[in-house]
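Could you open the model in your viewer and keep the selection tool at hand? We will take a short walk, one selection at a time.

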Amino acid sequence: MNLDQYLPVLLFILVGVGVGVAPQVLGRLISMGIGVHKPDAQKNSPYECGFEAFEDARMKFDVRYYLVAILFILFDLEIAFLFPWAVALKEIGPVGFWAMMIFLAILVVGFIYEWKKGALDWE
């Protein structure tokens with residue numbers, strides 16, 4: 001068993017841990033050295049999704065927030081299909097090209113429908 005084969009995996013893990021830990025350590029060191037700490041209620045309050053976090057759990061809130069979030073996820077995930085398609089475009093040929101054009105046409109029709117219905121308007 002040759003351990004040289006595992007060197008790239010070990011380097012990948014070390015670089016990943018370094019990229020994840022180094023900014024946190026540097027940020028902590030910088031904030032302790034030159035940062036000014038003036039905590040108040042506004043700074044310490046958690047920000048989540050546009051409405052107060054410390055109210056009644058059964059409060060009524062605008063459902064448009066969730067509608068916009070769902071539409072963003074929908075269109076964002078649909079656009080993610082373009083990347084593998086673009087990479088494999090030469091291999092899939094004209095059939096794959098026209099299949100994606102039909103897919104994009106359906107996506108554009110859905111986008112226009114949501115736009116005309118006012119689902120993307122935020123008041």
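Here is the tour, stop by stop.

This is a predicted model, where local features need pLDDT of at least 70, side-chain atom pairs count only at pLDDT 80 or more, and totals for chains, interfaces and linings use all residues. Residues are numbered from 1 along each chain as its sequence is written, and side-chain values use heavy atoms, leaving out hydrogens and water.

Start with residues 6–26, one of the spans that an unreviewed UniProt entry records as "transmembrane region"; such annotations may be inferred rather than shown by experiment. The span is 95% helix and 0% strand (helices are DSSP runs of H or I, at least four residues; strands are runs of E, at least two).

Next, select helix H3, residues 64–80. Leu-71, Phe-75 and Glu-78 are its buried residues (buried is under 20% relative accessible area, exposed over 50%, partly exposed in between, with a 1.4 Å probe and protein chains only). These buried residues pack against helices H4 (82–87) and H5 (89–117), with contact meaning heavy atoms within 4.5 Å. Now turn to the face away from the buried side: Ile-70, Phe-72 and Leu-77 are exposed there.

Finally, look for aromatic rings; the whole structure has five aromatic pairs (Phe, Tyr and Trp rings, using the six-membered ring of Trp, with centres within 6.5 Å; planes under 30 degrees apart are stacked, over 60 edge-to-face, the rest tilted). Phe-97 and Trp-98 form an edge-to-face pair, with centres 5.0 Å apart and planes at 80 degrees. Phe-111 and Trp-115 make a tilted pair at 5.7 Å and 55 degrees.

Conventions
The expected span of a helix is 1.5 Å times one less than its number of residues.
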